[in-house]
Amino acid sequence: MDENCIFCKIIRGDFNTEFVYENEHLVVFRDINPKAPVHLLVVPRVHVPSLNELDDKDLLGELMLGVKEAAKKVGLKSYRTQINTGKEAGQEVFHLHIHVLGK
Ligand code: 5GP
Ligand code: ZN
């Protein structure tokens, strides 16, 4: 838990954000500023600033499985995924997340 991190606060339940999917490793919620008709964020429960700081193969695998589970849950058969890593690549929230975009 990072007290200054918006996603840590969301995971803690501070804003009553609806999780479209969750398990012991991750939560999935809708992006507040969607760039596609369906725009989900797959977010590990642990605070990891970006992909560059994550070496845990199990968690990396869980995150990809989480993408599939969340897509299935909302009925997305076809979707794009995106991970912005670093400010210059457009990362704004420094708690690792995978964007899932579909229609
Ligand atoms: P990044 O640019 O870091 O890859 O993506 C961060 C994403 O988080 C953006 O698409 C932004 O709209 C979303 N976001 C930022 N703050 C919040 C929030 O408080 N709630 C939700 N649901 N999404 C957020
Ligand atoms: Zn965090």
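Which polar side-chain atom lies 2.5 Å from an oxygen atom of ligand 1? One of Asp31 does.

## Basis of the model

This is a predicted model, where local features need pLDDT of at least 70, side-chain atom pairs count only at pLDDT 80 or more, and totals for chains, interfaces and linings use all residues. Residues are numbered from 1 along each chain as its sequence is written, chains are lettered from A and ligands numbered from 1 in the order written, and side-chain values use heavy atoms, without hydrogens and water.

## Polar contacts of ligand 1

A polar contact is a pair of N or O atoms within 3.5 Å. A backbone N or O atom of Val93 lies 2.9 Å from a ligand 1 oxygen. A polar backbone atom of Ile32 is 3.2 Å from a ligand 1 nitrogen. The protein covers 85% of the 530 Å² of accessible area that ligand 1 has on its own (Shrake-Rupley method, 1.4 Å probe).

## The shell

Ligand 1 has 17 residues around it, where near means a heavy atom within 4 Å. The closest are Arg30, Asp31, Gly90, Glu92 and His99. By class, the shell holds seven nonpolar, six polar and four charged residues; Gly counts as polar.

α1 (6–12) and β2 (26–30) each supply at least two shell residues. The largest share, three residues, comes from α1. Helices (H or I, at least four residues) and strands (E, at least two) are DSSP runs.

## Gln82

Gln82 lies in strand β4 (residues 79–82). Gln82 and Phe29 are 53 residues apart in sequence and 15 Å apart in space, C-alpha to C-alpha.

Key
Polar contact = N/O pair within 3.5 Å; in protein donor to acceptor, adjacent residues only side chain to side chain.
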